[in-house]
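Student: I have a structure open and want to learn how to read it. Can we go through it feature by feature?

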Amino acid sequence: MKPDAAKNVKHTPLTPEDDIKFMKKALKQAEHALALGEVPIGCVIVYDKKVIGRGYNKRNTKKTALAHAEITAIAGACKKLGDWRLDGCTMYVTLEPCQMCSGAIVQSRVDRVVIGAANPKAGCAGSILNLLKVPQFNHQVEITNEVCAKESTEILQRFFKDLRIRNKETN
């Protein structure tokens with residue numbers, strides 16, 4: 001797409017059924033992380049009902065704190081649109097974004113974030129604080145919570161249960 005193309009597209013509203021469909025695509029991304037032995041977090045970014053960015057957690061694989069699912073998906077979506085602004089986009093992420101990812105979401109002007117599971121230890125879209133809705137920022141993000149929450153929670157629980165078993169066996 002050309003840089004200004006995003007501003008000329010008429011957007012088709014997303015339905016609750018669309019939210020489930022795209023969150024399932026984010027869950028498939030989380031499965032990729034799980035296969036690598038990473039914490040299974042997945043993300044997709046949708047524009048005009050099409051996935052334009054994908055990502056999954058690769059912090060250990062890439063040896064960097066920056067390799068979060070959301071950051072990877074934002075980079076891909078920006079490349080696809082040819083712009084750093086993701087106006088008109090919806091992000092689907094299996095776990096509530098942290099402070100870094102929440103900041104990147106605001107900075108990239110994502111319109112809406114759909115979240116699978118809450119993140120009570122690091123969530124910055126409502127659990128600990130809400131960086132997506134700070135009124136002093138020049139952009140606020142609409143949030144939809146608990147879409148495919150059960151599936152999003154289960155994959156994380158499965159990962160941490162298996163990790164505890166592996167750690168017990170090596171000690």
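Student: Which residues is K58 in contact with, leaving aside its neighbours within four places in sequence?

Tutor: This is a predicted model, so read each contact as part of a prediction. K58 is in contact with L36, E38, K63 and A67. The residue itself is found in the loop between β2 (50-56) and α3 (59-62).

Student: What is the nearest side chain of opposite charge to K58, and how far away is it?

Tutor: E38, at 8.6 Å. A salt bridge needs the side-chain nitrogen within 4 Å of a carboxyl oxygen. K58 is buried yet has no salt bridge.

Student: How many disulfides does a search of the whole structure find?

Tutor: Start with the general idea. A disulfide is a covalent bond between the sulfur atoms of two cysteines. The search here finds zero. C43 is in none, and the nearest cysteine sulfur, that of C101, is 8.2 Å away. C98 is in none either; for C98 the nearest cysteine sulfur, again that of C101, is 3.8 Å away. The cut-off is 2.5 Å.

Student: Are C43 and C98 buried or exposed?

Tutor: C43 is buried, with a relative accessible area of 0%. C98 also counts as buried, at 11% relative accessibility.

Student: What does V113 touch, not counting residues up to four places away in sequence?

Tutor: V113 touches M91, V93, P97, I105, L132, V141, E142, I143 and T144.

Student: Where is L156 found, and is it buried or exposed?

Tutor: L156 is found in helix α6. L156 is buried, with a relative accessible area of 11%. Beyond four places in sequence, its contacts are V39, P40, I41 and L95. Take L95: it lies 61 residues from L156 along the chain, and their C-alpha atoms are separated by 9.0 Å.

Student: What is the mean pLDDT of the chain, and where does pLDDT stay under 50?

Tutor: The mean is 93, and 92% of residues reach 70 or more. Residues 1-6 stay under 50. For that stretch the model has 12 contacts beyond four places in sequence.

Definitions and conventions: Residues numbered from 1 in each chain as written. Predicted model: local features only at pLDDT ≥ 70, side-chain atom pairs only at ≥ 80, totals over all residues. Heavy atoms only, no water. Buried < 20%, exposed > 50% of the residue type's maximum accessible area, 1.4 Å probe, protein only. pLDDT = per-residue confidence, 0-100. Contact = heavy atoms within 4.5 Å. Helix = DSSP H or I, 4+ residues; strand = E, 2+ residues; numbered from the N terminus. Lys, Arg positive; Asp, Glu negative; His and termini not counted.
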